[in-house]
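Student: I have a structure to go through. Could you take me over it, term by term?

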Amino acid sequence: MDRGGCQMSGGGGGGGGDVDGGGIDRHGMITLEDLESFSEDQLSDSGNGSLEEEGETMEEDENSDRLLHYWQEVARGHQVEVSQDMAEPIQQLSSNNQGRSHREHVPFTLLARKEKCGELLYEKRQYEKGHWACITMREETYEQSICYGFMKIMRYICQQNAIGNYLGMTLPIVTVVRTDENHSVISHDVTVAYYLPAEHQAQPPQPHDNEIVIEVWPAATVYTRAFTGPTNEVTIMNQITAMAELLDSPGVCVNNSFIVAGYTNPAHSNRQNELWFLEQR
């Protein structure tokens, strides 16, 4: 899992738990997967429901501007600027895309489950070799690195690729979290990664952005534990400690690079995430 950690990575984001009056976690992360959910959950408050319903009564340009302004407002909570050229990617990921808005899940094989008193403690899974689009960022803060990395990946998914088409969403969106051996410090070097949908695995479209690299990640055995709520540096450290205590043999796993996988948007109070430990090869 090296290359600075980009060999099976984990998504989600980093930030604190302050919530504004609108219910938005101001320090939760903006992820690619968030776009549709933000649009439906937040923007529909002033309309009749989903974006699809609103689209019947709003001009496309108005809708695009509204989405962009919403994203700019949320991003300011992370000290992140969302530029005007993000309007089109945001609009594409928030629309039906000719019926292609279905979110494909990264495939895996369940190997084992550990339970105690009926509670699932963790799962052991096998992820097969596959193509991932990766970008490693180093901004002033952990949160900024993830936000800017996601926006670059968004552009790649939405036409800034060799075939010029929308590629389709996959879940989870993953980021690599790197720590010191004592798990006391999280590096601001953050790798954001997106699994290419099945139809693009054989021939991944090359990105226009030369900072995005298409990599073949080898098959990996992963120990994964679900958790809910915001993902920030404190919660990630706590989850790493908790997972290490649950594993029968934590020494079999990589000790300084972990994965956070995000499945639902951070505006939800009951956000669904996973922490992944990778078995050493």
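Student: Which residues does Thr221 touch, not counting residues up to four places away in sequence?

Tutor: Thr221 touches Leu111, Lys124, Arg125, Gln126, Phe277, Leu278 and Glu279. Contact means heavy atoms within 4.5 Å. A word on the source: this is a predicted model, where local features need pLDDT of at least 70, side-chain atom pairs count only at pLDDT 80 or more, and totals for chains, interfaces and linings use all residues. Residues are numbered from 1 along each chain as its sequence is written, and side-chain values use heavy atoms, with hydrogens and water left out.

Student: Why is Thr221 called buried?

Tutor: Buried means under 20% relative accessible area, exposed means over 50%, and partly exposed lies in between (1.4 Å probe, protein chains only). Thr221 has 14% relative accessibility, so Thr221 counts as buried.

Student: What makes the pair Thr221 and Gln126 a polar contact?

Tutor: The rule asks for a pair of N or O atoms within 3.5 Å; within protein, one must be able to donate a hydrogen and the other to accept it, and residues adjacent in sequence count only if both atoms are side-chain atoms. The side chains of Thr221 and Gln126 are joined at 2.9 Å.

Student: Where is Thr221 placed?

Tutor: Thr221 is in strand 9. Helices (H or I, at least four residues) and strands (E, at least two) are DSSP runs, numbered from the N terminus.

Student: How do you know that strand 9 pairs with strand 11?

Tutor: Two strands pair if DSSP finds at least two bridges between them. Seven bridges join strand 9 (residues 220-228) to strand 11 (residues 272-278), and the two run antiparallel. In one of these bridges, Val222 has Leu278 of strand 11 as its partner.

Student: What is the order of the strands in the open sheet?

Tutor: Nine strands form it, in the order 2-3-9-11-10-6-7-4-8, with antiparallel pairing. Strand 2 (109-116) and strand 8 (213-217) each have a single partner strand, so one side of each is left without a neighbour in the sheet.

Student: Why is helix 5 called largely enclosed?

Tutor: Because 15 of its 16 residues are buried. Just after helix 5, Gln159 takes a positive phi of about 85 degrees.

Student: What makes Arg155 and Asp85 a salt bridge?

Tutor: A salt bridge needs a side-chain nitrogen of Lys or Arg within 4 Å of a carboxyl oxygen of Asp or Glu. Arg155 and Asp85 meet at 3.1 Å, N to O. Arg155 lies in helix 5 and Asp85 in the loop between helix 3 (60-76) and helix 4 (87-93), 70 residues apart. Arg155 is buried at 16%, whereas Asp85 is partly exposed at 48%.

Student: How many salt bridges does this rule give?

Tutor: The count comes to 10. One of them joins Asp189 and Arg138 at 3.5 Å, N to O. Asp189 is in strand 7 (residues 189-195) and Arg138 in strand 4 (residues 130-138), 51 residues apart.

Student: Why is Arg138 called exposed?

Tutor: Its relative accessible area is 57%, so Arg138 is exposed. Asp189, at 28%, counts as partly exposed.
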